[in-house]
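This report describes how the parts of one protein model are arranged and how its ligands are held. Please keep the sequence and the structure in view while reading.

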Amino acid sequence: MADVFVSRRIFDQAIEQVEDAGHTVRCNDTSRILPTDELIDRTRDAEGLICLLNDPIDADVLDACPNLKVVSNVAVGYDNVDVEAATERDVLVTNTPGVLTETTADLTFALLMAAARRIPEADVYSRADRYDGWELMQPHMGVDVYGKTLGIWGMGRIGQAVARRGYHGFDMDIIYNSREPKPDAEAELDAEYVEFDTLLERSEFLSIHTPLTPETEATFDAETFERMNDEAILVNAARGPIVDEDDLAAALKAGELRGAAIDTFEDEPAVNQQLAEIEEFVVLAPHIGSASRETRLEMAEMAAANMVAGLEGSVPPNLINEDAL
Ligand code: NAP
Ligand code: GLV
């Protein structure tokens with residue numbers, strides 16, 4: 001039976017699932033991110049590693065842990081894992097797609113609404129007891145969401161779930177850009193496939209839902225913001241490095257964009273201070289897209305199921321690198 005290391009505190013149910021399959025589980029039962037040398041020390045003899053999206057699993061880690069058979073990432077995004085290096089070493093890599101789609105879409109839409117209607121600003125104002133009477137020209141006048149044009153970049157599971165909220169709930173016009181057109185989404189949501197430039201020009205809300213890859217990294221920078229609609233609100237609940245945050249802050253200050261709703265930061269856990277200084281139409285959240293108790297539990301259980309399957313020699317349900325089999 002195998003030795004499995006869990007890099008961070010996760011739900012007991014998930015640990016028991018792996019133990020019930022006969023494996024020994026050791027866990028960094030804290031919220032401290034392990035530095036790479038400590039992660040290696042504790043994973044060195046393990047056959048399984050359950051890790052989180054901020055554990056970089058690169059060729060050096062894989063070489064230092066030669067017994068590893070399965071790396072089970074508790075996230076749908078797996079840009080923290082060098083999948084090619086894992087495949088070369090016959091290490092299976094798995095993720096947790098699907099279970100977090102609706103929860104992440106809810107949060108994305110909540111952030112979009114919060115930025116448009118300036119809810120965090122209004123909250124701070126109310127708590128400071130500064131509200132002294134309804135008037136027509138209130139300080140927190142926002143912009144409407146319903147009936148606007150919602151642009152989706154990356155029309156996958158979460159992108160489509162966000163588009164569905166906009167179309168069915170808010171009568172929004174959906175435009176999107178992805179690597180491939182999505183006929184089913186077009187039929188259901190009357191969505192229009194557009195070139196990337198058109199997405200920039202026409203979106204009144206532009207929501208990013210691609211993975212972080214060499215192609216998507218820093219796609220949103222000064223030059224992109226210049227091409228965007230000046231009234232647009234940018235939403236990023238995908239991965240921070242897809243957006244150049246200094247350029248975003250500069251574009252917001254220069255009035256090239258109206259606002260931003262950001263759940264994922266370029267250099268997590270650091271929050272870009274230039275962005276943090278801007279209050280109007282800007283909402284920031286600490287990567288909580290999938291953070292409901294139900295969904296986080298399901299993610300952990302899915303990661304455990306992937307681990308158990310991989311260790312027993314079956315094909316894990318959410319295998320990323322079939323070539324490693
Ligand atoms: P998904 O179903 O794989 O969707 C990703 C979509 O991005 C795919 O439809 C793909 O297009 C598109 N795409 C990839 N590269 C592209 C490119 N260069 N240009 C345009 N489109 C591109 O994944 P998902 O489950 O929706 O998750 C998406 C991402 O959200 C994850 O990778 C993760 O980083 C992030 N995420 C964040 C949170 C959070 O807490 N904030 C939670 C969950 C996920 P095609 O289908 O056309 O090939
Ligand atoms: C969260 O960001 C995920 O990729 O699951």
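## Two domains

In this predicted model, the centres of domain 1 and domain 2, taken over C-alpha atoms, are separated by 32 Å. Domain 1 is made up of residues 3-98 together with 293-324, whereas domain 2 covers residues 101-284. Seven residues from domain 1 and five residues from domain 2 take part in the contact.

## The interface between the domains

The size of an interface is often expressed as the accessible area that is lost when the parts come together. Between domain 1 and domain 2, the buried area is about 590 Å², and carbon and sulfur atoms give 46% of it. On the side of domain 1, the residues that lose the most area to domain 2 are Asp 79, Gly 98 and Thr 295; together they account for 61% of what that side buries.

Which two side chains meet in a salt bridge? They are those of Arg 239 and Asp 79, with a distance of 2.9 Å from N to O. Across the interface of the two domains, the rule finds one salt bridge. Three residue pairs are in polar contact between domain 1 and domain 2. The side of domain 1 that touches domain 2 consists of three nonpolar, three polar and one charged residues.

Several polar atoms of the protein approach oxygen atoms of ligand 2. A side-chain N or O atom of Arg 239 is 2.8 Å from an oxygen atom of the ligand, and a polar backbone atom of Gly 77 is 2.8 Å from an oxygen atom of ligand 2. For His 287, a polar side-chain atom lies 2.6 Å from an oxygen atom of ligand 2. How much of ligand 2 does the protein bury? Taken alone, ligand 2 exposes 200 Å², and 88% of that is buried by the protein.

## The surroundings of ligand 1

Ligand 1 has 26 residues around it, and the closest are Ile 158, Arg 179, Glu 180, Lys 182 and Asp 263. The shell divides into eight nonpolar, twelve polar and six charged residues.

Both side-chain and backbone atoms are found beside oxygen atoms of ligand 1. Ser 178 places a polar side-chain atom 3.0 Å from an oxygen atom of ligand 1. Glu 180 has a polar backbone atom 2.9 Å from an oxygen atom of ligand 1, while for a polar backbone atom of Gly 289 the distance to an oxygen atom of ligand 1 is 3.2 Å. On its own, ligand 1 has 930 Å² of accessible area, and the protein covers 87% of it.

Definitions and conventions: Residues numbered from 1 in each chain as written. Chains lettered and ligands numbered in written order. Predicted model: local features only at pLDDT ≥ 70, side-chain atom pairs only at ≥ 80, totals over all residues. Heavy atoms only, no water. Domains from an automatic or database assignment. Contact = heavy atoms within 4.5 Å. Buried area = accessible area lost by both parts, 1.4 Å probe. Salt bridge = Lys/Arg side-chain N within 4 Å of Asp/Glu carboxyl O. Polar contact = N/O pair within 3.5 Å; in protein donor to acceptor, adjacent residues only side chain to side chain. Nonpolar A, V, L, I, M, F, W, Y, C, P; charged D, E, K, R; others polar. Areas by Shrake-Rupley, 256 points an atom, 1.4 Å probe, with all protein chains shown as cover. Near = heavy atom within 4 Å.
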